[in-house]
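Reader: I would like to see how the labels on this model follow from their cut-offs. Could we go through them one by one?

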Amino acid sequence: MLKKIKQHSLRKSTERNLQNRDVSQRNSPLTYLGFLVDETVLDDVEKIYGLAKEIGLLPKNIKVFTFLETKHRIPSLIQNQINNSEFSWKGEITNQNAREFLDFPFDVLVGFYNKNNPFLNRMISASNAKFTVGFKGVDERLFDLILNVPPQDFPAFQKELTKYLNVLKKI
């Protein structure tokens, strides 16, 4: 019962965030790049830093935050990680690091997941990102650009993202 209430609250919160989204800065050039990653899709986040080097960004201008459906029982020192237990039954994010990540004004935020996930959808909708990129198979209202490549094929993703960032004059 509580799980259904949480899912409903997440959907309502996502809808509310989508209605209040500011798109006035959508065309700003790329300085800060963020990734919101589902760890079941990409477990090696070091690939992302290689992508940053290719498009000419410094590693300090890239931030990665990961999502894991259920928390491992093994203690972890990873600070940039969130799981479903860190969302209240009202759909609010209780993880302070996640709130700071979402408040950061990224020029581009990539939602690195390919299946509808109410927790990740909520996070994308709550972000202060100016431009969002996602994959086919996720709620299209969340993203300004949707890539039709499988996220597991990182070289293809890297090529497509670079191509579209060039076309949109972000890099």
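The conversation below sets values against definitions.

Author: Gladly, and a word on the source comes before the labels. This is a predicted model, where local features need pLDDT of at least 70, side-chain atom pairs count only at pLDDT 80 or more, and totals for chains, interfaces and linings use all residues. Residues are numbered from 1 along each chain as its sequence is written, and side-chain values use heavy atoms, with hydrogens and water left out.

Reader: What makes up the secondary structure of the chain?

Author: The chain has five helices and six strands. Helices (H or I, at least four residues) and strands (E, at least two) are DSSP runs, numbered from the N terminus. In sequence order the pattern is α-β-α-β-β-α-β-α-β-β-α.

Reader: How do you know that the radius of gyration agrees with a compact globule?

Author: The rule, taken over C-alpha atoms, is 2.2 Å times the number of residues to the power 0.38. For 171 residues a compact globule would have a value near 16 Å, and the chain has 15 Å, so the two agree. The C-alpha trace spans about 45 × 40 × 25 Å along its principal axes.

Reader: Why is Phe 67 called buried?

Author: Buried means under 20% relative accessible area, exposed over 50%, and partly exposed in between, with a 1.4 Å probe and protein chains only. Phe 67 has 1%, so the label buried applies. Phe 119, at 4%, counts as buried too. Across the chain, 48% of the 171 residues count as buried.

Reader: How many aromatic pairs does a search of the whole structure find, and why is the pair of Phe 67 and Phe 119 called stacked?

Author: Rings of Phe, Tyr and Trp (its six-membered ring) pair if their centres lie within 6.5 Å; planes under 30 degrees apart count as stacked, over 60 as edge-to-face and the rest as tilted. The search finds 14 pairs. In the pair of Phe 67 and Phe 119, the centres are 5.7 Å apart and the planes stand at 25 degrees, so this pair is stacked. Phe 67 belongs to strand 2 (residues 62-68) and Phe 119 to helix 4 (residues 118-126), which puts the partners 52 residues apart.

Reader: What makes the pair of Phe 87 and Phe 119 tilted?

Author: Their ring centres are 5.0 Å apart and their planes stand at 55 degrees, so the pair is tilted. Phe 87 lies in the loop between strand 3 (81-83) and helix 3 (96-103) and Phe 119 in helix 4, so the pair ties together parts 32 residues apart in sequence. Both Phe 87 and Phe 119 are buried. Elsewhere, Tyr 32, Phe 65, Phe 101, Phe 104 and Phe 106 form one aromatic cluster.

Reader: Why does Gly 91 count as buried, and which residues is Gly 91 in contact with?

Author: Gly 91 sits in the loop between strand 3 and helix 3. Its relative accessibility is 0%, so Gly 91 counts as buried. Contact means heavy atoms within 4.5 Å. Leaving aside neighbours within four places in sequence, Gly 91 is in contact with Ser 9, Leu 10 and Arg 122.
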